Amino acid sequence: MLDPKQRVIGYELSWQQHAGQLATDADMEALVGFVAGNVNDEERGWLLRDKVLFLDAVPAMLSTDALHDLPPERTVLTLRAGDLSDPDTLAAVQGLRAGGVGISVREGDVAQLGKHIGRSASYVEVRFSGADVAAQARTYAALKQASVRMVGRPVTTWADFDACAALGLDAFVGKLHLTPRPGNPVKGMNPAQTIILQLMTMVQNNEDIPRIEGVLKRDPALSYKLLRFINTAGFGSGREIQSLRQAITMLGYAPLYRWLTLLLATASSSGYSPVLMETAVIRGRLAELLGQKFMPRGEGENLFVCGMFSLLDRLLGLPMKEVLDTIPLPDEVVRALLTRGGSYGPYLALAEACELNSNLVASLASSLDISPEDVNRMHLQALAWAQNVTA
């Protein structure tokens, strides 16, 4: 979920039922407890930093004890507008609102929700249409007066995003996390990316540290980022690392390659949008986690690269074939990126399906002998991990 400045402000979690099976109260309790246990750590607290978690909800979920394990200021429950017509549900909603939990309302005529909607809901989903923009603007203005935040759904193009932002919408849900932001297309790599690619090749070839250091020194900004990263990440065990050679030694070649992979994407000046970059990081980490139990030790980096590089064509504004001609990668990584085949491809395909809440998630996970619970846990872990990388 994005705000008008294109920043990721939250994530939406939906859930799927097995055909013909109704969820019981115990199922609801287990579901909310599972989410809470993976994003709210007893020692470290809220793992999603400043992000808000939107949970698709039904009335039975409102009374679960596990809701108390989620920070109310970071939790929003999404209900259908028709649910609020039930007096018991409305009372439960208002109780949660009084306790600081957010409530979002969808699938209903906004006008029918009444002028006092602000007492029951903190968010209302609205559907943007290019037709009759004036009427939509009047509706949005009325909601603004009710102190309700508006979530546009679905917002699938950046043109619609700009139109919705101009009309005063507060948040946006769609496929913008997979869509490059139109800009001035740049053909080829910029100077920073050229140096990063050279360093990646040197790391892959296990070049001597002094030679890697020499290339790093040609880019002061890159040197600064490496020292900042290694000191922020705490590799120095309480002492500041000031030497590039020491930083490379402390980090090690495999983590250095991962860091360079991240930098290659963020150094893009074409088609770049923050949400696209964050999606690449999450996808890379999720692919790595999915294959952790099944891949030989040390191949996790290749899965991470598969996930990151699967969006590199959009991040760099280049066709994937051209990207792969530029970057030296193992054959199995290339195969996964081009066909989703080979040993890495199925894990990448599953990570992509999770992003889109695809119906293929269950069958893909089953083919890899990964349980739905493990897929969900790893996806939440990937979301949490990405917060420290993209912050």
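Axes here are lines fitted to C-alpha atoms, for helices over the stretch in contact, and angles run from 0 to 180 degrees between N-to-C directions. Helices (H or I, at least four residues) and strands (E, at least two) are DSSP runs, numbered from the N terminus. This is a predicted model, in which local features need pLDDT of at least 70 and side-chain atom pairs count only at pLDDT 80 or more, while totals for chains, interfaces and linings use all residues. Residues are numbered from 1 along each chain as its sequence is written, and side-chain values use heavy atoms, with hydrogens and water left out.

**Stop one: a helix pair**

Select residues 274-291, which form helix α10, together with residues 345-355, which form helix α15; the two pack at an angle of about 130°, and their axes are 9 Å apart. That angle makes α10 oblique to α15, given that angles under 35 degrees count as roughly parallel, over 145 as roughly antiparallel, 65 to 115 as roughly perpendicular and the rest as oblique. The crossing of α10 and α15 is right-handed; a crossing is left-handed if the near helix is turned anticlockwise from the far one by less than a right angle, and right-handed if clockwise.

Which residues of α10 and α15 make the contact? On the α10 side they are T279, R283, L286, A287, L290 and G291, and on the α15 side Y347, L348, L350, A351, E352, C354 and E355, where contact means heavy atoms within 4.5 Å. Coloured by class, the contact of α10 with α15 shows 8 nonpolar, 2 polar and 3 charged residues, with Ala, Val, Leu, Ile, Met, Phe, Trp, Tyr, Cys and Pro counted as nonpolar, Asp, Glu, Lys and Arg as charged, and the others, Gly among them, as polar.

**Stop two: residues around that pair**

Next select M378, which lies in helix α17 (residues 372-390). M378 is buried, its relative accessible area being 10%; buried means under 20% relative accessible area, exposed over 50%, and partly exposed in between (1.4 Å probe, protein chains only). Leaving aside neighbours within four places in sequence, M378 is in contact with L286, L289 and L290.

Move on to A365 in helix α16, which is buried, with a relative accessible area of 3%. Not counting residues up to four places away in sequence, A365 touches L350, I370 and V375.

Select helix α7 (residues 220-232) and helix α9 (residues 253-266), whose axes come within 12 Å and cross at roughly 125°. That makes α7 oblique to α9, and the crossing of α7 and α9 is right-handed. Showing side chains, one finds L222, K225, L226 and F229 of α7 meeting L256, W259 and L263 of α9. The residues of this contact of α7 with α9 divide into 6 nonpolar, no polar and 1 charged.

**Stop four: the sheet**

Now display the strands: an open sheet of 7 strands has the order β1-β4-β5-β6-β7-β8-β9, with parallel pairing. At its edges stand β1 (10-13) and β9 (171-172), each with a single partner strand, so one side of each is left without a neighbour in the sheet. Two strands pair if DSSP finds at least two bridges between them. The parallel strands β8 and β9 are joined by 2 bridges, and G152 stands opposite F172 in β9.

Then select strand β6 (residues 102-106), where 5 of the 5 residues are buried, so β6 is largely enclosed by the rest of the structure. In a regular strand the side chains alternate between the two faces of the sheet. Here G102, S104 and R106 point one way from β6, whereas I103 and V105 point the other way. Strand β5 (residues 75-80) runs parallel to β6 and is joined to it by 5 bridges, with R80 standing opposite R106 in β6.

**Stop five: backbone details in loops**

Most residues other than glycine have a negative phi, and most peptide bonds are trans. Select R153 and P154, which are joined by a cis peptide bond with omega about -15°; P154 lies in the loop between β8 (149-152) and α4 (158-166).

Finish with R340, whose phi is near 60°, a positive value in a residue other than glycine. R340 sits in the loop between α14 (331-339) and α15 and is partly exposed, with a relative accessible area of 27%.
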